[in-house]
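This report goes through the fold and the charged side chains of one protein. Please look over the sequence and the model before reading on.

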Amino acid sequence: MTHIWLRAEARATERRTPLLPDGAAQLIRDGARITVERSTTRVISDAAYSDAGCDLADTGSWPDAPRDAIILGLKELPDSDAPLTHRHIFFAHAYKGQPGAIPVLTRFADGGGTLLDLEYLVDGTGRRVAAFGYWAGYVGAAVSLLVYAAQKRGTSLDALNPWADSATMREDVAGALGSDMPAALIIGAKGRVGMGAADLFGALNISPTRWDMEETRSGGPFPEVARHEILVNAVLAMPGVPVFAGPDILATDRALRVIGDVACDPGTPYNPIPLYGDVTSWDAPALRVHGEPPLDIMAIDNLPSLLPREASEEFATALLPHLAALGTDDGGVWARAEETFRAHLSENGLTTSG
Ligand SMILES: NC(=O)c1ccc[n+]([C@@H]2O[C@H](COP(=O)([O-])OP(=O)(O)OC[C@H]3O[C@@H](n4cnc5c(N)ncnc54)[C@H](O)[C@@H]3O)[C@@H](O)[C@H]2O)c1
């Protein structure tokens with residue numbers, strides 16, 4: 001019997017969940033056992049899971065879960081060096097040389113556990129089966145506009161709190177902008193993040209310039225970037241991605257005032273926005289990288305959690321059929337994720353007994 005253990009998220013701002021009570025009830029009907037750790041931050045109450053037939057467990061008790069339980073979460077595990085013995089499903093951000101990547105892979109190697117990274121759950125064509133990109137782009141564009149509006153008022157954006165829904169969020173952004181309609185550019189516009197960003201801009205009557213592979217094929221430089229007041233970057237940092245806005249842009253005569261780096265991979269050498277060294281946060285959403293004229297970067301790495309309900313609903317719906325197929329071949333989705341994990345272990349000279 002498949003036993004899925006939904007852990008509580010370690011981050012105080014992480015309110016999303018990859019499994020909703022309806023989905024849990026369906027899995028239980030199909031014969032799975034579901035344990036849910038109590039959480040005070042998750043957007044869904046513990047009682048709703050309990051009503052759906054899940055067992056409740058203490059927050060953070062997953063290290064003591066039965067060895068065959070599959071630990072499901074979204075973001076990073078709590079800081080520790082302890083070996084990992086279970087199968088874990090989450091976004092580990094451990095395959096692109098990110099800070100903290102080797103320590104987490106080492107924990108898996110030491111404990112014989114397996115990482116089934118949500119970012120690498122792909123179908124036979126390489127397309128991700130579940131992603132938060134759309135809402136990341138939607139919220140990322142909204143927060144970029146809020147940063148821009150605050151900058152224009154000569155202030156910096158206050159700490160952010162999750163919105164109840166996207167309509168409330170749009171009202172806040174429209175109120176902050178007033179009649180201002182900044183010129184916006186989205187790079188990576190054909191992807192999930194890019195589509196979400198375009199929809200948010202469109203809902204506010206801003207018609208963004210949209211670039212994807214074709215428009216950046218030259219490899220740069222891209223002087224047009226500086227002619228927009230807002231740049232939303234939705235391109236995953238990877239080898240071969242050109243620099244869209246680097247240090248050269250700071251001193252140019254530019255309209256550019258805000259970069260919303262939704263892809264936000266500042267720790268990798270392939271970052272197409274090599275202007276900053278660390279992500280920003282809900283408490284301090286923008287980082288000023290140049291004073292006059294100002295240039296602020298918004299690089300929050302858990303944007304969809306600012307709309308936790310809508311983001312969870314989309315993601316959990318897409319993931320559910322694959323959770324239902326855990327333990328079966330599922331078109332190779334889980335097998336591919338495991339192969340990816342093993343390849344990254346060996347690339348890093350790590351071996352495992354698992
Ligand atoms: N900040 C957050 O909270 C958050 C949340 C979710 C996703 N993300 C990140 O956002 C990024 C995009 O995710 P996605 O789901 O939209 O991916 P995606 O694969 O759906 O879209 C990426 C798009 O970028 C385009 N692209 C790739 N290389 C390009 C280039 N050189 N020039 C122009 N366009 C290029 C692709 O053609 C594609 O249309 C990822 O790095 C992801 O990790 C961030």
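## Terms and model

A residue is called buried when its relative accessible area is under 20%, exposed when it is over 50%, and partly exposed in between, using a 1.4 Å probe and protein chains only. By that cut-off Arg42, with 7% relative accessibility, counts as buried.

The model is predicted: local features need pLDDT of at least 70, side-chain atom pairs count only at pLDDT 80 or more, and totals for chains, interfaces and linings use all residues. Residues are numbered from 1 along each chain as its sequence is written, and side-chain values use heavy atoms, with hydrogens and water left out.

## Overall fold

The protein contains nine helices and 12 strands (DSSP runs numbered from the N terminus, with helices being H or I of at least four residues and strands E of at least two). Its radius of gyration is 21 Å, close to the 20 Å that the globule rule gives for 354 residues, so the protein is as compact as a globular protein of that length. The radius is taken over C-alpha atoms, and the rule is 2.2 Å times the number of residues to the power 0.38. Along the principal axes, the C-alpha atoms fill a box of roughly 60 × 45 × 35 Å.

Of the 354 residues, 54% count as buried. Among contacts (heavy atoms within 4.5 Å) with a separation of 6 or more, 70% are between residues 24 or more positions apart.

## Charged side chains

The protein has 29 positive and 46 negative side chains, where Lys and Arg count as positive, Asp and Glu as negative, and His and the chain ends are not counted. The centres of the two sets lie 2 Å apart, with each charge placed at NZ of Lys, CZ of Arg, CG of Asp or CD of Glu.

## Salt bridges

The whole structure holds 12 salt bridges, each a side-chain nitrogen of Lys or Arg within 4 Å of a carboxyl oxygen of Asp or Glu. One of them joins Arg16 and Glu14 at 2.8 Å, N to O, and both residues are buried. Another pairs Asp46 with Arg42 at 3.8 Å, N to O; Asp46 is buried at 19% relative accessibility.

Glu119 and Lys96 also form a salt bridge, at 3.8 Å, N to O. Glu119 lies in the loop between strand S6 (114-117) and helix H4 (133-152), and Lys96 in the loop between strand S5 (87-90) and helix H3 (101-111), so the pair ties together parts that are 23 residues apart in sequence. Elsewhere, salt bridges with shared partners link Arg11, Glu76 and Asp301 into one network.
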